[in-house]
Amino acid sequence: SSYEHKLNFKKSKEACLSYIQDAMLQKQWKRAAEFLTFYVESLEKDYSREHVGPSEMIWRIGTEILCHHSHSSVKEFNCFMEQMKTLGVKRYLKASILNAVCLEHVFHLLCNGQIDEAYQNLSLAESWRFGEQTAIQNKEMKLIQAYRGLLDYYSWSKQKNILLEHGLDGFADLSVEQEMHSCFRKAAVNLKEIIKIPGVWDLFVKCYVDLLEFYGDHNEARQVLNEYAYNSKFPANPNAHVYLYQFLKRQGESKKSLISALKILHDIVPSHELMIDFNTMLRKSKKRKRRRLGLEVIFAVLDYAGWKENVKAWSCLARQVKQVVISEKHLGWIKKEWSSRKDWWPAFHFSRYLAKRNWQENESLSYEKALVAGILLGKDCKYFKYVSHQGCKAQVKRFRMLKKFVNRHNPVYLRISG
Amino acid sequence: MEFPAALFPSYFGAGPPREEDGSAPAAGWGEHGQVLEGRPGPHQAQPAFVPRRGGMGETWDPAEAAAVPVLPPSAGCWIPSPAPQDILYRNRLCRELRAGKDGATLDFAKQLGHFFVDHPEDAFGSMGRLLHKNFHLGNSKLKRPARSSTIRMTALREDIDRLEARRGCHRQHLASRLRWFSHLSRDWLFEVPLGLLADCLHEELMLQWSDLLFDDSLTGGALAWLPSGDVGSRTGCLVHPGGLAMNHLFFQDVVLEKLPRAQGSPAQFELSGHIRQVAAARVDGEDFVGVRSDYHCGVWRVPARTGTAPTPLQVIHTDVPASCLTVSPHLPGELAVCTKNGTIYLWSVETGLQQLRHDPQTMFFRDHSPWRWSDFTTHPRVLSYADRTGLQCLDARAPKKCHFDLFKVGEEAGCQKGERVVLPMYLGRAHPSQYLVTTQFSVYVLDERLPLVPMLKWAHMMKAPPLFAHLMPGDSRRSHKVVLGASRTQELLLMQYWGGRQSACQLAGTPQKLHTISGCLEHLPTQLPHHHHLLQQRLGAPAAGLAAVLQEDGTCNSMLVFQLSEAGDVFCQRLTHEAARPPAPTLRDEATTAPGSSPLFEAPASTLRYRRWLRALSRDCREPSQHTWPPSLSQRRLFTRKDLEGSTGPSALQRQVRQLLRQVMQEGGRIQHWEPMALQPLALPQPPEPTGGQDPLSTRLTAAWSGDCEQWWEDRTSFSMAQRQRALRERRRRQKRARGRRSLSASFTSSVTYQSELSELSDAGPALFSPGRPLPPSQEGSSPARSPPARSPPASPAPGEALLSSQSLRHRGIPKERRKTLRDYLSVWAEGPPDPPDLPVSQASQLCIPSSQRQLSSA
């Protein structure tokens with residue numbers, strides 16, 4: 001019966017697909033290609049109306065095979081892509097997929113360094129308008145425009161460099177300048193569009209801000225960066241805050257605004273690498289409150305496993321702790337920070353095993369850590385004992401000083417832990 | 001810690017997942033994802049772009065054609081877990097399986113019936129004892145005094161038997177007697193109230209069925225590899241469960257050579273439950289191994305030096321089955337435990353359990369699954385907490401106040417409708433803040449510093465959800481490798497990715513399928529069907545865990561992937577990667593052969609390994625059958641009384657057989673060849689044996705046994721001399737005859753011997769088909785029947801050839817046109833065997849055609 005026939009047809013199609021999948025997962029691209037031709041043939045004989053699904057699959061599988069097949073060329077790849085697009089225009093492919101096909105083609109060209117071809121493809125794709133505009137289709141279209149804007153930005157920046165080089169020679173080409181400006185306009189329009197939509201647009205934001213800064217539109221740039229960093233509809237992207245901080249720094253903004261920008265970054269990502277800069281900035285501050293924040297920041301940084309063996313962070317902490325101990329003024333700060341950590345830092349940072357390993361692998365790390373351990377845990381702490389003993393045995397001067405310092409300030413330990 | 005200076009572009013939206021239909025079969029292929037400017041160089045004329053997916057990865061080639069067993073099969077025969085056909089209602093099985101998950105009909109009645117039959121004492125014990133005098137099960141009529149207090153149950157039993165035959169028939173009145181009885185006895189007959197029992201059974205069946213659809217108790221996997229503490233050492237310890245109930249924990253030292261080899265006997269612990277998960281982490285040079293069974297979790301400490309015994313540290317007992325146990329990579333003796341009522345505990349060996357959260361509801365939207373998971377994060381006090389809807393991170397110091405969402409099944413991560421979290425895993429060894437989340441459709445790499453937005457997403461296209469994952473961290477030059485494993489289909493997938501520090505995360509190369517345990521079946525030598533079935537079942541057991549080791553050895557790196565099956569088998573495969581080779585797409589697909597065409601393993605070592613394993617397996621699985629009783633068949637079930645009585649007296653054959661039996665029994669002998677003589681229509685020519693059916697050796701031995709060996713020897717020599725003389729005479733006679741017939745060829749003396757040999761063969765034909773004719777040696781040569789020339793068809797049938805005569809053929813009802821064919825056929829048959837020997841009369845009559853046929857042919 002026809003139903004049975006259809007069922008069998010479907011089964012054999014599925015079997016063929018699973019063979020393709022199997023071959024691809026074993027990187028047998030030639031075999032996969034052979035099976036794919038069978039698969040396509042089977043579709044040609046299929047008069048059912050469900051062409052939409054399989055053509056997407058053919059696009060995906062075909063692209064993957066052509067990317068890895070030993071005999072495939074760029075030309076073949078482009079040809080395949082054009083065919084897929086034609087399929088899309090003929091409505092065998094969903095419209096949203098068509099945009100994806102275009103985008104993927106562009107990505108492929110970009111990764112192979114064919115910037116100009118990519119640009120042409122983007123312009124072409126932008127001009128296609130058919131069918132109802134679904135939300136997904138709209139999104140893909142915005143991305144196509146954004147990437148075109150990005151490429152416009154790159155040609156702008158190229159012309160800018162030419163102009164700057166020649167400008168120094170006192171030679172200014174008017175046509176180059178004009179072209180540069182038109183590039184700027186095209187890029188700015190497209191880039192501005194996409195960064196309004198919630199998302200991760202690091203690349204686009206950076207380029208747009210660069211454009212704005214070049215033309216001196218600092219207010220717009222600041223607004224864009226503020227929006228990117230602080231709009232709650234956007235994800236909590238640390239880079240947004242970093243870009244803002246860098247912009248503020250470039251603008252020579254006051255310490256206060258720099259600190260407030262970093263403070264927010266600290267709240268979001270306490271383990272960010274800028275926290276070392278932040279700590280340094282705060283430690284040097286005259287205000288007590290900021291110095292206290294600095295201590296908080298550096299303690300928080302060292303909570304994270306990724307910073308465990310970072311000498312810079314440990315020396316920051318050691319310096320600040322030493323400062324506090326010598327001044328004997330704000331022991332309460334340390335006490336407060338320590339109270340939430342005293343039950344796990346000893347095992348996490350100051351075990352005997354780590355003392356041994358740090359001493360063997362990184363002497364200065366063990367020095368900084370031993371100082372902190374000695375102050376926080378007293379002179380009988382395993383870490384301090386081991387490292388200072390080894391240091392004195394090796395007759396390194398600073399370890400002898402360290403031992404003396406910790407012994408002298410041992411009562412501090414009692415006050416902190418009490 | 002560095003954060004990538006720029007991330008790949010992506011949209012970010014909040015809300016429920018998109019309304020997309022399920023997973024597309026090829027969803028993971030052909031995408032670059034997005035591109036990002038690669039190396040930003042100010043002097044570069046053109047920007048260089050890198051794709052999120054589609055970049056180059058390392059190429060890893062499988063070293064063997066299939067996975068190889070590492071350890072001998074665990075003793076005792078594995079009992080496979082129930083299959084769908086055991087639980088589902090038989091008739092609808094196929095339809096229901098196709099229809100979907102919810103519509104399955106469980107064969108509840110069958111299971112209940114099994115319970116009644118298998119445990120009658122538990123089901124009806126006391127009532128049975130009370131009533132057994134009042135129930136009569138025999139066939140005989142009840143006598144008068146007993147009749148008043150006893151009922152006859154035979155009819156009821158027959159009804160039950162008939163019911164089985166009417167399975168699926170809905171005409172209920174056919175079983176009115178049964179309905180009447182069950183109605184009458186439902187309330188008092190059963191030991192356990194039927195409703196209660198049925199509820200429990202139904203619950204259990206539902207549980208079994210949902211386990212069959214997706215068994216999440218195995219999440220995380222029950223196999224762990226503890227590398228040796230010494231750098232460059234080629235040893236390690238494999239921690240795996242074993243035993244018939246998977247309740248033994250083994251710590252097996254393993255030497256990594258080309259094939260990993262077990263060293264010494266393992267340290268073994270017997271636990272009180274089926275081991276579901278084995279998790280391990282190394283802190284301060286010591287390995288901590290957490291073991292989860294349903295109601296117990298335990299932790300062991302294993303010093304890094306090989307050869308030192310593992311020490312059990314602590315065990316906890318939970319009221320509700322635990323669903324997760326992970327070991328902290330930061331602090332020694334710290335673990336995270338989740339139970340199926342939605343509670344998460346931080347378990348420290350020193351300070352005990354600390355409940356962090358209790359919430360029977362799921363986090364982001366409602367999902368019925370009680371599965372919960374927890375793992376550690378980059379901050380030693382912050383734990384992740386997962387259910388099927390997503391992941392949260394919570395601070396153990398203030399779990400109620402401090403938490404944030406790390407992953408949500410929704411638009412945020414671009415999830416599909418129906419997507420659920422299957423396995424979250426902390427990827428701390430690759431990057432301190434990276435996290436892996438697998439769902440049934442995709443795998444995500446997350447960064448805790450930018451929650452909710454996946455750094456990497458890839459549709460893995462696996463047929464079953466990946467329940468196991470193993471990370472092999474890379475460095476700035478090498479990619480991170482993650483092996484994903486599914487349970488039911490045993491799939492293994494190797495994927496690689498880069499980045500997380502300076503550069504954004506990228507998927508490297510294409511994912512690669514690794515060998516499964518069941519894949520080796522096609523490479524094994526052909527087995528006997530039942531062995532093959534056994535092996536198929538054994539090797540096809542669902543996977544229960546995976547582990548992998550990366551070994552760097554100069555230019556050639558190798559990767560060993562271990563896979564554990566539910567039967568307790570540990571298999572291993574080796575992959576090699578040549579660091580020196582340029583990572584260009586090579587012509588490898590020509591070198592690697594298609595599946596099925598590589599019948600043998602390259603290395604003899606693995607073949608040997610396999611042979612040993614198979615031998616051990618077949619030995620183990622045969623043993624129990626020796627101890628069990630031989631199967632006894634109840635005759636009553638085979639034939640009903642009526643069947644046995646109904647026959648109208650024994651047939652002729654039966655009578656004959658009975659007579660034979662009786663005779664043999666009287667003689668105290670045995671029947672060696674059961675020959676229903678009367679029914680054999682056509683005797684096949686048997687190669688005759690001169691000494692009457694016994695070979696010379698047997699006769700000699702028989703003679704020696706009875707003490708007259710000398711007599712035998714004399715008989716033998718005289719007999720054989722006579723035989724030789726006869727043969728010589730016969731041959732000469734034939735030669736003469738041949739010469740006479742072919743006078744033309746008589747001059748070709750050189751070919752005489754050849755011709756005679758030929759004629760010897762052809763002459764033998766008709767003689768064979770006259771076995772009924774007495775052929776005493778003295779009559780040899782004198783019979784006229786023996787001399788028809790073979791090549792001319794007989795004009796008139798000789799009496800000895802009655803079988804071939806058209807008359808006899810007609811008697812047998814063979815149509816005319818067939819007779820010629822049959823005759824030719826028979827004559828061809830006749831040419832086969834050698835010369836008919838001259839037999840004594842008594843033996844010749846036994847030889848071929850029984851007496852009844854002889855009568856027929858002579859008629």
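Q: What share of the contacts in chain A between residues at least 6 apart in sequence joins residues at least 24 apart?
A: The share is 61%, where a contact means heavy atoms within 4.5 Å. The structure is a predicted model, in which local features need pLDDT of at least 70 and side-chain atom pairs count only at pLDDT 80 or more, while totals for chains, interfaces and linings use all residues. Residues are numbered from 1 along each chain as its sequence is written, chains are lettered from A and ligands numbered from 1 in the order in which they are written, and side-chain values use heavy atoms, with hydrogens and water left out.

Q: What is the corresponding figure for chain B?
A: In chain B, 55% of the contacts with a separation of 6 or more are accounted for by residues 24 or more positions apart.

Q: How many helices and strands does chain A have?
A: Chain A has 22 helices and one strand. Chain B, by the count made for it, has 21 helices and 35 strands.

Q: What does the radius of gyration of chain A show when set against that of a compact globule?
A: Chain A has 31 Å, whereas a compact globule of 418 residues would have a value near 22 Å. The radius is taken over C-alpha atoms, and the globule rule is 2.2 Å times the number of residues to the power 0.38. Taken along the principal axes, the C-alpha atoms of chain A fill a box of roughly 90 × 65 × 40 Å.

Q: What percentage of the residues of each chain counts as buried?
A: In chain A, 52% of the 418 residues are buried, and in chain B 44% of the 859 residues are. Buried means under 20% relative accessible area, exposed means over 50%, and partly exposed lies in between, with a 1.4 Å probe and protein chains only.

Q: What makes Ala23(A) buried or exposed, and which residues does Ala23(A) touch?
A: Ala23(A) has 0% relative accessibility and therefore counts as buried. Ala23(A) lies in helix α1 (residues 2–25) of chain A. Not counting residues up to four places away in sequence, Ala23(A) touches Gln28(A), Arg31(A) and Ala32(A).

Q: Is Glu126(A) buried or exposed, and where is Glu126(A) placed?
A: At 15% relative accessibility, Glu126(A) counts as buried. Its place is in helix α6 (residues 115–127) of chain A. With neighbours within four places in sequence left aside, Glu126(A) is in contact with Met141(A), Ile144(A), Gln145(A) and Arg148(A).

Q: What is the phi of Lys27(A), and is Lys27(A) buried or exposed?
A: Lys27(A) is not a glycine, yet has a positive phi of about 60°. The residue is in the loop between α1 and α2 (29–44) of chain A. With 9% relative accessibility, Lys27(A) counts as buried.

Q: Is Gln395(A) buried or exposed, and what is its phi?
A: Gln395(A) reaches 63% relative accessibility, so it counts as exposed. Its phi is positive, about 55°, although Gln395(A) is not a glycine. Gln395(A) lies in the loop between α20 (382–393) and α21 (397–408) of chain A.

Q: Is Ser272(B) buried or exposed, and where is Ser272(B) found?
A: Ser272(B) has a relative accessible area of 63% and is therefore exposed. Ser272(B) is found in the loop between β12 (267–270) and β13 (277–283) of chain B.

Note on methods: Helices (H or I, at least four residues) and strands (E, at least two) are DSSP runs, numbered from the N terminus.
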